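Subject: Structure for your review

Dear colleague,

Please find below the structure that I am handing over to you. I would be grateful if you would read the notes after it with the coordinates open.

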Amino acid sequence: MRVVAGELRGRKIEAPEGKTTRPTTDKAREATFNALGSLGVVVDAHVVDAFAGSGALGIEALSRGAAHCTFIERNREALVVLQRNIDTLGLKDRATVVRGDALSQLVSVRKADIVLADPPYEFAQWDELLASTTADFVVAESDRDMTEELAGDGTAQKPAITGWEVTRVKRYGRAYVSFLQRLA
């Protein structure tokens, strides 16, 4: 896996062994960040890479001009690889690594413009994640279109998620990448 574009273009990113993380493909990362770049939201942004794994999403944001990235990860092996990636790429001064659960740690990140959320596919707590962030923009990678997630199913167990709109959805194999914007 490599950084797709920006100042670190072509540099190698290590990924943790095993199946505890599911790195975003280079193709999906490139398309996602090209779209974010066209919106003008990455340069000088404060980014959160929730469920960071290798840190590929946050590293791509830093490579493309983000001012700072907070990486949140709870898996010990992934944290070792993430820290090694940050050190190897010389990003220590623009990165903060937080060990813990993304939902509980996201609340403490007060300065965030964009949240990059690539949780395990079975993740179902999008309402909590969106309620936990101060960011106005969330990029959600999931096994389903977030338009359906925001709509809910009309039951008390899965009500609609209000205050957000899906502005873009693109499918890459099994993964859907959805751009969510906070409503004013």
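This is a predicted model: local features need pLDDT of at least 70, side-chain atom pairs count only at pLDDT 80 or more; totals for chains, interfaces and linings use all residues.

Residues are numbered from 1 along each chain as its sequence is written, and side-chain values use heavy atoms, with hydrogens and water left out.

The whole chain

The chain has six helices and seven strands; here helices (H or I, at least four residues) and strands (E, at least two) are DSSP runs, numbered from the N terminus. Their order from the N terminus is α-β-α-β-α-β-α-β-α-β-α-β-β. The radius of gyration of the chain is 15 Å, close to the 16 Å that the globule rule gives for 184 residues, so the chain is as compact as a globular protein of that length. That radius is taken over C-alpha atoms, and the rule is 2.2 Å times the number of residues to the power 0.38. Along the principal axes, the C-alpha atoms fill a box of roughly 50 × 35 × 35 Å.

Of the 184 residues, 51% are buried. Buried means under 20% relative accessible area, exposed over 50%, and partly exposed in between (1.4 Å probe, protein chains only). Among contacts with a separation of 6 or more, 58% are between residues 24 or more positions apart, a contact being heavy atoms within 4.5 Å. The chain exposes about 9000 Å², of which carbon and sulfur atoms supply 48%; accessible areas come from the Shrake-Rupley method with a 1.4 Å probe, and for residues only the protein chains shown count as cover.

Helix H1

Helix H1 (residues 26-39) has 14 residues and reaches 20 Å from its first C-alpha to its last, close to the 20 Å expected at 1.5 Å a residue. The expected span is 1.5 Å times one less than the number of residues. Ala 28, Arg 29, Thr 32, Phe 33, Ala 35 and Leu 36 are buried in H1. They cover an arc of only 155° around the axis, which puts them on the same side of H1; the arc is that of the directions from the helix axis to the C-beta atoms. The cover over these residues includes H2, strand S4 (114-117), strand S5 (137-142), S6 and strand S7 (175-182). Lys 27 and Ser 38 are exposed on the face turned away from the buried side of H1. After H1 comes Gly 40, with a positive phi near 70°.

Helix H3

At the start of H3, a side-chain oxygen of Asn 75 reaches to within 3.0 Å of the backbone nitrogen of Glu 77. Just after H3, Gly 90 has a positive phi of about 70°.

Single residues

Most residues other than glycine have a negative phi. Asp 44 has a positive phi near 70°; it lies in the loop between H1 and strand S1 (46-50) and is exposed, with a relative accessible area of 57%. Phe 51 has a positive phi of about 60°; it lies in the loop between S1 and H2 and counts as buried at 19% relative accessibility.

Glu 149 is found in helix H6 and, at 5% relative accessibility, counts as buried. The side chain of Glu 149 makes a polar contact with that of Arg 144 (2.8 Å). A polar contact is a pair of N or O atoms within 3.5 Å; within protein, one must be able to donate a hydrogen and the other to accept it, and residues adjacent in sequence count only if both atoms are side-chain atoms.

Yours sincerely
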